[in-house]
Amino acid sequence: MRDSRETIPPRAFVAGYPIKHSRSPLIHGFWLDQFGLNGSYEKLAVNPDEFPDFIQRIKLQESGYVGGNITIPHKEAACRLADRVDPLAEELGAANTLWLADGALHATNTDGIGFASNLDAARPGWDKAEVAIVLGAGGASRAILQSLRDRGIREIRVVNRTAERAQELVDRFGGPLSAHPIQALAELMKYADLFVNTTSLGMDGSEAPDLPFETMRAGALVTDIVYVPLKTPFLAKAEEAGLATVDGLGMLLHQAVPGFEKWFGRRPNVTDALRQLILADI
Ligand code: ATR
């Protein structure tokens with residue numbers, strides 16, 4: 001008799017609530033087509049009350065699921081409910097990628113890898129920066145702080161409107177991090193060679209503070225996790241000041257790579273054709 005797993009095409013998903021705006025199906029659909037694989041990637045709206053049952057269901061072999069992405073508001077619950085949580089997700093207390101292996105549900109968080117891989121691709125050597133400023137202390141900031149620390153950045157200054165939130169992250173990640181009020185930002189910029197915006201400031205054409213990018217160190221790099229618009233006010237001002245910039249779309253694309261590889265067994269590339277496909281949708 002044939003093993004039923006051979007005949008069921010692998011299914012993956014993104015689960016969130018709401019989920020309408022997720023671009024993950026476009027990304028994984030592009031790679032499935034590119035490799036000519038007989039698999040699928042679905043968008044699933046899962047109410048928070050139903051999330052624990054959902055996790056039990058995907059573990060059943062007959063579901064055909066091999067894993068999936070988890071987005072807001074389920075990242076913390078996914079971390080709690082998975083059978084095996086890797087150290088990255090464990091430290092963040094949040095998972096965005098699940099996969100089934102050896103009868104267990106595994107969890108990781110690929111946001112930090114997505115951030116660093118995007119910079120690796122666009123600006124090799126970016127991690128020689130000595131002093132980084134990370135603006136914002138929300139969920140997106142955490143994975144980026146973890147990644148900057150793990151890449152050996154010597155001084156990481158977390159700047160946030162609500163100073164206590166920045167301090168919480170310093171307590172969590174320790175070592176090279178320090179917390180600063182937003183009023184100190186302009187002064188801190190003089191001594192930094194990497195600036196990362198992790199807030200929603202400048203998203204969808206909203207205002208962003210006018211910052212003195214021209215005072216940053218020569219050769220400094222500015223990046224933003226916002227990608228709508230692609231050229232955010234921060235990136236536009238940094239460019240005017242003659243600084244190198246990297247937009248945030250690449251982080252979204254690169255964070256998807258490890259999941260696809262785990263579910264479908266092929267390592268995809270982040271290409272310009274994929275960027276164009278997503279850009280046409282935003
Ligand atoms: P996410 O999980 O997407 O990072 P979040 O947890 O809501 O979202 O965090 C948003 C971040 O943007 C926070 O650092 C927030 O600052 P506070 O901690 O002070 O709220 C920051 N932010 C949002 N709007 C802002 C604004 N108008 N000015 C300054 N910072 C802002």
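Colleague: Which residues does UniProt list for "domain: Shikimate dehydrogenase substrate binding N-terminal"? After that, please zoom in on helix H12 and tell me what covers its buried residues.

Modeller: Keep in mind that this is a predicted model. For that domain, UniProt lists residues 14-98, in an unreviewed entry.

Before we zoom in, here's the whole protein. Its secondary structure comes to 13 helices and 12 strands. Along the principal axes, the C-alpha atoms fill a box of roughly 70 × 40 × 30 Å, and 45% of the residues count as buried. Take the contacts between residues at least 6 apart in sequence: 63% of them join residues at least 24 apart.

Now for H12 itself. This helix covers residues 257-264, and six of its eight residues are buried, so the rest of the structure largely encloses it. The buried ones are Pro258, Gly259, Phe260, Lys262, Trp263 and Phe264. And what covers them? The cover includes strands E1 (11-16), E3 (65-70) and E5 (97-101), along with helices H2 (24-35) and H6 (111-122).

Glu261 also sits in helix H12, but it has 14 C-beta neighbours inside 10 Å and therefore counts as partly exposed; the buried label needs 20 or more. If you set aside the neighbours within four places in sequence, Glu261 is in contact with Arg266 and Arg267. For a sense of distance, Glu261 and Gly138 are 28 Å apart in space, C-alpha to C-alpha, and 123 residues apart in sequence. Just after H12, Gly265 takes a positive phi of about 75 degrees.

On the H6 side, the contact is made by Asp111, Gly112, Phe115 and Ala116, while H7 brings Ala143, Ile144, Gln146 and Ser147. The crossing of H6 and H7 is right-handed. A handy rule when you look at lists like these: an α-helix has 3.6 residues a turn, so residues three or four places apart point the same way.

Note on methods. Residues numbered from 1 in each chain as written. Predicted model: local features only at pLDDT ≥ 70, side-chain atom pairs only at ≥ 80, totals over all residues. UniProt positions renumbered as here; feature names shortened; annotations may be inferred. Buried ≥ 20, exposed ≤ 12 C-beta atoms within 10 Å, placed from the backbone. Helix = DSSP H or I, 4+ residues; strand = E, 2+ residues; numbered from the N terminus. Contact = placed C-beta atoms within 7 Å. Left-handed = near helix turned anticlockwise from the far one by under 90°.
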